[in-house]
Amino acid sequence: MMDIRHLHYHRRLEDICAAFGPGEMVGLVGPNGAGKSTLLRAMAGVLRPTGGVVQVMGEAIHAREPRWRARRVAYLPQFLPDDIPFTVREFVEMGRYSHAPQGVLSRADMAAVDEALAVMGLVEHEDAPLAHLSGGERQRAAIARCLAQGAPILLLDEPIASLDIHYQLDILARLRALAEDGRLVIIALHHLELALAYCQRTICLHRGRLVADGSPGEVFTPALLRDVFRVDARPFRDPHSGALRLSVSAAIPSTPE
Amino acid sequence: MTRRRAWAFGALLFALFASAALEIGIGPVSIPFWQIPGDTWAYFAGHRGLDAVVVGAIRWPRLAVAVLAGSALALSGAVLQAILRNPMADPGVIGVSSGGALGAVIAVATGLSARSVAATPLLAFASGLAVAAVIYRLATSARRTDVYRLLLAGVALSSLCSAVITAILDLSPLEEMQQMMFWLFGGLDGSNWTEAAMLAGVNAVALTAFLRLSFAYDILTTGEEHAEAVGVDVERIKRASLAVAALIVSVAVSTTGVISFVGLIVPHILRRLIGANHRPLLAASALGGGVLLTLSDLVGRTVVQPAELNVGIVTSCLGVPFFLYLLYRQRRGRDIGL
């Protein structure tokens, strides 16, 4: 579905190789400045790589026009302005631009918008101005806009940063359901615990390089947590649920290099 | 919102009719409203009585140019505000109008305007587009346009264009100089049917193009990154819109001279009334710009009778306080309605 081959972007991404298939829920983790946002932008085709290629359905994505890309890959940037002067429904309808660039929505477009609103639980808010929603609801509206695009691949840049715990779990559960439905969902995450709980696969970036790719249990080794995230931590089995969890005890002081 | 929109459009249409009747009726030769259709008919039927000539050859073309130039300015203002994500954008404030005026003055000074009616608007377009391109380059960095850089670049380039215009005026013979002075102040004297037809043509092209892009303008309010993510070709749409905006502003300026602030005031007020959705906003701006410029011309023609004020002076008297009010609100950190 998506194939990344020897991807370079200036010094910020170096020789990234990975392949993703339908139905996967992938957590993209790494410390601040590791290159997560840059990688997502390159995967969405918004950035033109300086080397290598991102292939979507067999085609180099950056070489195709924006509307072709948007029908295949729905990308949610990290920050959404909080002064958008539209209602939730109008905002979600914007996701249909690649299908209806003049804003004249067909019945199929309307159906896609209705479904996206329903999946994200926003039907009752559809006529509310976006600016009146809480942060969590606004983020759900943003994800609904991505869903309305009808793309089989979803790339989300920290969709749950700055949300309270209820919305964090709520949004991740909804995204996992979307992956189980056959979509490829890739999310940049800061919360390693949540990556462990919700993603079957985790890829870890460090200084622009892909340093680990596998199930969360394989990726989050004490050595990686020490070297990449600079914390003293180890995974353990939760005695109540049997799930894998992290026990984080301390930040490792920075040492002069 | 739908009902409010219907009311707003109704009010705009009524204002347009009322101001049109006043614009044709009021003047040194006063024409009662009920005689306007008859006199118009008489003029086009070939009669050359005083009333028929005043209505058909002077007042109607002046009204048409006022409405169409006002539409051009307000439309381009609404589009500039959308693509620059900047509520202070106006073709006059950012210098495109002065650029257009410079081209028009060069056309007259070099004698090209005497050879072809198309020379003045074409040269105006070339220099208006050049100014727009320079401003866009200067004010855009890291994928966003900065309000203050945009305004400062506009001030600088406007001054430069005005200085060059003044230099050309200084070096010109007296009668040409008087002809060219008109571009600096903006006036509707001597409007004719050829100018009105030219404006109608470019306005129709621009309005069609802008309406086709209106959904993309809506999406641009969510930020360029988000617009790109849903498939908007942001750079292409911005460049094309800027070029078309420069075209209608330059053609308007080449017929009326520099008229500032219509493009700032009209979209702002209408956005409050009918919302940020660009399809109705652009249509309403086209109407509202025509109304505002016609009313301003009426004020200019009547306040200091028997003399007349240039319409550009009237719009500046309205626009400067409005502009300063917007700056004040921005300083207070309030939203400015985009």
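Two residues count as in contact, or touching, if their C-beta atoms, placed from the backbone, lie within 7 Å. That cut-off applies in each of the views below.

This is a predicted model, where local features need pLDDT of at least 70 and side-chain atom pairs count only at pLDDT 80 or more, while totals for chains, interfaces and linings use all residues. Residues are numbered from 1 along each chain as its sequence is written, and chains are lettered from A and ligands numbered from 1 in the order in which they are written.

**View 1. Leu157(B) and the residues around it.** Leu157(B) sits in helix H7 of chain B, residues 147-170; helices here are DSSP runs of H or I with at least four residues, strands are runs of E with at least two, and both are numbered from the N terminus. Leaving out residues up to four places away in sequence, Leu157(B) touches Gly95(B), Val131(B), Val134(B) and Ile135(B). Is Leu157(B) buried or exposed? Leu157(B) is buried, because 22 other C-beta atoms lie within 10 Å. The scale behind that word: buried takes 20 or more other C-beta atoms within 10 Å of the residue's own, exposed takes 12 or fewer, and partly exposed is in between, with C-beta atoms placed from the backbone. For a bit of distance, look at Leu129(B): 28 residues away from Leu157(B) along the chain, with 13 Å between the two C-alpha atoms.

**View 2. Chain B as a whole.** Chain B has 15 helices and two strands. Its radius of gyration is 20 Å, close to the 20 Å from the globule rule for 338 residues, so chain B is as compact as a globular protein of that length. For the record, that radius is taken over C-alpha atoms, and the rule is 2.2 Å times the number of residues to the power 0.38. The C-alpha trace spans about 65 × 55 × 35 Å along its principal axes. Of the 338 residues in chain B, 52% are buried. Among contacts in chain B between residues at least 6 apart in sequence, 75% join residues at least 24 apart.

View 3. An unreviewed UniProt entry lists residues 1-20 of chain B as "signal peptide". UniProt positions follow the numbering used here, feature names are shortened, and annotations may be inferred rather than shown by experiment. In the model, residues 1-20 of chain B are 95% helix and 0% strand, with the end C-alpha atoms 28 Å apart. UniProt (unreviewed entry) also gives "transmembrane region" for several spans of chain B, including 63-84 and 242-269. Residues 63-84 of chain B are 95% helix and 0% strand, and their end C-alpha atoms are 31 Å apart. Residues 242-269 of chain B are 82% helix and 0% strand, with 22 Å between the end C-alpha atoms.

**View 4. Where chain A meets chain B.** The contact takes 24 residues from chain A and 18 residues from chain B. On chain A's side, helix H2 (66-72) and strand S6 (73-76) each supply at least two residues. H2(A) gives the most, with four residues. That side of chain A divides into 15 nonpolar, five polar and four charged residues; Ala, Val, Leu, Ile, Met, Phe, Trp, Tyr, Cys and Pro count as nonpolar, Asp, Glu, Lys and Arg as charged, and the others, Gly among them, as polar. The predictor gives the complex an ipTM of 0.91 and a pTM of 0.91.

**View 5. An open sheet in chain A.** Four strands of chain A line up as S2-S1-S4-S5 in an open sheet with antiparallel pairing, where two strands pair if DSSP finds at least two bridges between them. The edge strands, each pairing on one side only, are S2 (13-20) and S5 (59-60) of chain A. Five bridges join S1(A), residues 2-9, to S2(A). Met2(A) has Phe20(A) in S2(A) as its bridge partner. The hairpin of S1(A) and S2(A) has three residues between the strands, and His10(A) takes a positive phi near 40 degrees there.

**View 6. Two arginines with positive phi.** Most residues other than glycine have a negative phi. Arg207(A) has a positive phi of about 50 degrees, and is found in the loop between strands S9 (201-206) and S10 (209-214) of chain A. Arg85(B) also has a positive phi of about 50 degrees, and lies in the loop between helices H3 (50-83) and H4 (96-109) of chain B. Arg207(A) is partly exposed, with 15 other C-beta atoms within 10 Å; Arg85(B) is partly exposed, with 18.
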